[in-house]
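Q: How does a student read a helix, a chain interface and a domain boundary in a structure?

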Amino acid sequence: MTTDAADAAPSNPPNSSTEATGATGRLEQTNPDYDPNVVIEAQNLTKVYRDFWGRQKVRALNALDLEVRKGEIFGLLGPNGSGKSTTIKLLLGLLFPTSGRAVVLGENATNVAKNERIGYLPEESYLYKFLNAEETLDFYGRLFDMPAKVRRERVQALIEQVGLGKAKRRQLKEYSKGMTRRIGLAQALINDPELILLDEPTSGLDPLGTREMKDMILKLRDEGKTIVMCSHLLADVQDVCDRVAILFQGDLKEMGRVDSLLKVSGETQIRSQDLPESAHAEIRKIIEQHGGTNITIENPTTTLEELFLGIVRDSEARPGMRSAPADKSS
Amino acid sequence: MVREEFPQFLEWFGPGILLLLGVLAVGALLGLFFGYLVAAFRHGPFEAFYVVSQVVAEAVPDFLQTSPRRVLAMAGLAIKEALRRRVVLVTFVIFALSILFGGWFMDSGSDKPEQIYINFVMWGTQMLVLLMGLLISAFSLPEDIKNKTIYTIVTKPVRSTEIVLGRILGFGFLGTVLLALMGIISFFFIWRNLDHKHMIDGPSQTVAAFVEIDSETMKSTISGKRVSPNAISEATTTIDNGHAHRLEIYQDIRSGDDEALQTGDIVETIKRDDGKVTYHRARCMPVGGHTHKVTVSGTGASATVSLGPAIGYFRARQPIYSDELAFYDRDGVKDDKGINVGKEWGYRGYVDGGSRGNLSTLSRAKFSFTNFDASRFPDADFAPLEVNLGVFRSTKGDIEERVTGGLRFESVPENPDVENRYISEIVEFETAEYTVQTLPVPKKLVGRIVAPDGSLVEEGEYDLFSDFAGSNGKLELSLSCRDVNQYLGCARPDVYFRGKDQPFWWNFFKGYVGIWCQMMIIIAMGVALSTFLSTPLVMMGVIAIMIVGFNTSFIQNLAKVDEQGNLLNEFGGGPIASFVRILTQQNVMQDLETGVFNTVIAQADYLAINSMKLLTYLAPDFRQLNFSNYLVYGFAVDDQQLLIAVAVTSAFLLGLVLCGYFCLKTREIAK
Ligand SMILES: Nc1ncnc2c1ncn2[C@@H]1O[C@H](COP(=O)(O)OP(=O)(O)OP(=O)(O)O)[C@@H](O)[C@H]1O
Ligand SMILES: [Mg+2]
């Protein structure tokens with residue numbers, strides 16, 4: 001229970017499971033069945049790109065059901081053209097769904113008001129090339145109606161945070177790809193958002209930059225923010241994401257916690273320290289007694305890469321939705 | 001200058017607001033209808049209701065939550081972006097070049113140099129500024145969408161209103177600065193080119209340089225023409241700015257030596273035996289609408305004569321028009337058109353001067369003035385009346401003589417049943433046909449006071465302001481023709497009192513406000529269209545609207561119909577009928593045969609022309625916003641029309657912002 005007067009109003013009984021009620025108070029009132037723990041909810045989300053005459057060109061996303069909970073890092077995985085960016089754009093209201101709906105922070109995805117609490121890093125940093133880093137961040141700060149003093153502090157802090165201190169007075173058109181990416185991230189964080197959507201955050205970054213980016217994402221999660229990122233760099237996703245969804249040609253193929261997805265249920269791994277070579281034969285015998293077939297003992301877990309390639313191979317052989325893309329985390 | 005309309009802002013405002021509301025309502029209905037159609041096509045007929053109602057429901061909070069800081073941020077960005085595109089700079093350079101070199105091709109010695117200069121700068125400024133407005137507004141949003149920079153904008157809490165408003169304000173600000181610069185430069189350009197001084201063309205700058213005029217022939221040795229009847233000697237000035245003036249010394253005979261008559265142009269004062277005084281004064285004869293002040297220092301032949309700067313340019317004449325003009329026919333019966341004199345009759349109405357058989361015609365044109373007050377005139381001793389009359393001569397009259405007109409002034413009592421009336425004697429004047437002549441109406445008029453029953457109360461001299469117009473500021477002026485068998489024609493703009501001139505710079509400013517209004521509409525239109533069209537289409541759209549806008553009255557005239565619904569102003573029917581005539585080689589005067597085919601054609605034409613007419617309500621009437629003619633002809637820009645122009649502009653801006661908002665909001669940005 002909070003002591004906040006607005007939350008204690010009779011029309012809005014305090015929700016015992018809510019951790020952060022302050023900022024979401026307004027939304028709870030407009031949307032009675034809004035669960036503050038569900039940050040993103042997509043139901044049957046479908047996007048068909050059509051040409052000028054309304055003829056179907058591409059079915060970029062097909063009946064996606066998705067739920068992202070507060071405080072997690074959610075990864076969208078998939079090969080090129082599988083609909084990752086399309087999903088993010090639908091969540092932002094940059095695209096309108098052909099059918100289905102997306103609710104973000106309790107508001108319809110097309111509602112502008114929700115942007116108050118969202119940060120977005122596009123695939124490429126679409127910024128005004130004639131502005132320098134400070135001007136860019138100042139401009140976006142104004143768009144959040146931030147007063148001048150708050151803006152100045154926030155701009156300096158972010159420039160330091162993304163490591164552009166030396167280049168803050170240079171025009172963006174002089175920036176390298178990695179620098180552009182960094183200022184793009186700073187721009188997405190200008191309003192201290194609750195939900196951050198990152199479209200391929202590590203693309204164009206050097207190994208060091210990639211590491212920094214991943215650390216930053218983890219730090220943001222620790223601050224209680226929700227992050228949705230899409231990438232085809234599997235190592236990145238494996239390192240940071242709590243849950244992933246794997247898309248292929250617009251279809252959801254797999255979704256669940258990274259650790260449980262990577263657990264190979266048909267195999268057993270035995271690990272032991274200082275086991276003498278002679279024991280191997282015995283163990284093998286026991287396995288054979290129990291009808292087991294596998295005889296390698298030092299097999300590690302599979303990597304995300306293997307899982308991913310397996311799904312892609314599998315999907316190419318048998319197109320269409322996978323039988324049960326159930327959430328394995330539950 | 002021909003003016004046909006005298007709109008009053010307050011009279012115009014009510015119907016204007018109604019028209020705006022009507023257009024907005026129709027626009028809203030059409031928007032809902034087409035919005036629903038598109039939504040139904042995309043999402044199916046039931047979902048569409050939800051989509052449309054959501055857009056409508058979000059519109060109100062979007063407008064309410066518009067934040068000035070965001071609008072200003074967007075405006076600032078628009079300014080930086082436009083400056084980077086260098087359109088503004090190029091526009092300014094073109095302007096500067098044409099000002100620098102344009103002067104070479106203009107003849108400052110021509111008949112009306114002022115008109116040529118003002119016309120040149122205003123027309124040039126207007127074209128450049130409108131073109132610039134179109135270019136910067138048409139490129140901006142489509143470019144942002146193409147570069148996808150708009151993605152990082154619309155994913156911030158920026159309302160579509162703010163994107164549209166910010167752009168209009170930003171570009172408007174740039175345009176305003178540019179226009180102001182161009183205005184100030186133009187002002188000094190005209191000033192510098194017209195301002196000049198002359199010296200006397202001769203051995204000395206004294207009276208000795210003047211030569212006697214032959215008192216027999218009274219012809220000038222310089223121009224070869226007859227000179228003024230009281231001229232004594234003459235000289236000419238040097239040629240400056242492409243012209244020279246003739247200088248004259250003339251006699252001015254007065255009944256006494258008065259302080260007020262001792263001005264700086266006196267060469268010699270001769271006291272005569274009969275007590276009268278003859279002044280010899282120097283004057284400069286006008287050329288091309290201007291003259292120079294002559295100053296004489298010293299007396300006699302050694303007095304030096306010097307000429308001051310040009311006077312007469314840069315006028316902003318303030319006409320005081322009548323509120324109403326009524327014609328009365330020969331029998332004194334009121335009639336709204338005047339006497340029909342055939343082909344001439346139309347713009348002007350005519351009054352006749354009677355005939356040999358019936359000398360006592362009551363035909364007259366009665367102008368009613370209100371707020372007739374001495375404070376509106378520069379000189380309280382007389383009220384200058386400017387008239388520009390048409391004359392229709394019948395061969396029965398004396399064709400050689402100038403036609404004489406008569407003016408009579410009357411007071412207009414609030415309550416004619418009890419109050420007396422002042423009626424002046426008829427003041428006669430010779431008409432200068434089809435040119436503007438100034439008649440100084442003296443403040444003291446000979447006349448009489450008449451009781452309500454028509455009986456004479458008193459005769460005497462009465463004051464134009466305190467007696468005639470004294471009770472309620474109303475004054476009636478009757479124009480009659482004093483020559484038998486001739487006719488005088490006038491329209492409401494032809495007869496006006498000339499009030500105090502307005503300062504020229506103020507008038508110049510008002511003229512530029514007109515250009516500013518046009519520019520703002522073009523910018524808003526470019527921004528609104530660019531929310532859903534690509535740059536080339538925006539340009540074509542705006543240019544199409546401009547073409548309609550510059551021809552509004554022409555199109556509205558085309559669509560005029562008589563009671564039966566037949567087109568009035570078209571020979572040979574509308575566009576389709578005309579085309580059929582061309583194909584079938586029929587002449588335009590003959591009616592097409594009646595039949596099903598031709599009825600269909602006529603109906604189609606009717607539709608075509610009326611949809612054109614409908615367009616004129618959507619396109620601004622640019623001529624209504626253009627005041628350069630006032631400046632060119634030296635009149636003060638009518639304040640009522642200026643107010644209307646500003647109101648029309650505001651209405652268009654409002655409509656265009658709304659239109660831009662909905663188009664941008666319903667547009668799929670990332671498509
Ligand atoms: N504006 C568009 N018009 C038509 N088709 C589009 C458009 N944008 C994307 N597509 C198509 O939709 C599909 C999904 O595209 P999307 O950009 O979502 O892929 P992605 O998963 O982000 O790929 P990548 O990893 O390459 O970024 C692709 O087949 C693409 O060609
Ligand atoms: Mg992508």
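This is a predicted model: local features need pLDDT of at least 70, side-chain atom pairs count only at pLDDT 80 or more; totals for chains, interfaces and linings use all residues.

Q: How is the size of an interface given, and what is the area buried between chain B and chain A?

A: The usual figure is the accessible area lost when the parts come together. Between chain B and chain A that area is about 3300 Å², with 62% of it from carbon and sulfur atoms. Each chain puts residues into the contact: 35 from chain B and 35 from chain A. On the chain B side, B:Arg69, B:Thr155 and B:Lys156 supply 20% of the buried area, more than any other three residues.

Q: How many salt bridges and polar contacts are found between chain B and chain A?

A: The rule finds 2 salt bridges across this interface. A salt bridge joins the side chains of A:Asp145 and B:Arg69, at 3.0 Å from N to O. The count of residue pairs in polar contact is 14.

Q: Which elements of chain B give two or more residues to the side that touches chain A?

A: They are α1 (9-43), α2 (45-64), α3 (68-85) and α6 (149-154) of chain B. The largest share, 8 residues, comes from α3(B). Sorted by class, this side of chain B has 12 nonpolar, 8 polar and 15 charged residues.

Q: How many salt bridges and polar contacts are counted between the two domains of chain A?

A: There are 0 salt bridges between domain 1 and domain 2 of chain A, and 0 residue pairs in polar contact, counting pairs with both residues at pLDDT 80 or more.

Q: Is helix α2 of chain A mostly covered or mostly uncovered?

A: An α-helix has 3.6 residues a turn, so residues three or four places apart point the same way. Helix α2 (residues 84-92) of chain A is mostly covered, with 9 of its 9 residues buried. Among them are A:Lys84, A:Lys89 and A:Leu92. After α2(A) comes A:Gly93, which has a positive phi near 80 degrees.

Terms used. Residues are numbered from 1 along each chain as its sequence is written. Chains are lettered from A and ligands numbered from 1 in the order in which they are written. Side-chain values use heavy atoms; hydrogens and water are left out. Buried means under 20% relative accessible area, exposed over 50%, partly exposed in between (1.4 Å probe, protein chains only). Helices (H or I, at least four residues) and strands (E, at least two) are DSSP runs, numbered from the N terminus. Contact means heavy atoms within 4.5 Å. Buried area is the accessible area (1.4 Å probe) that two parts lose on being put together, summed over both. A salt bridge is a side-chain nitrogen of Lys or Arg within 4 Å of a carboxyl oxygen of Asp or Glu. A polar contact is a pair of N or O atoms within 3.5 Å; within protein, one must be able to donate a hydrogen and the other to accept it, and residues adjacent in sequence count only if both atoms are side-chain atoms. Ala, Val, Leu, Ile, Met, Phe, Trp, Tyr, Cys and Pro count as nonpolar, Asp, Glu, Lys and Arg as charged, and the others, Gly among them, as polar.
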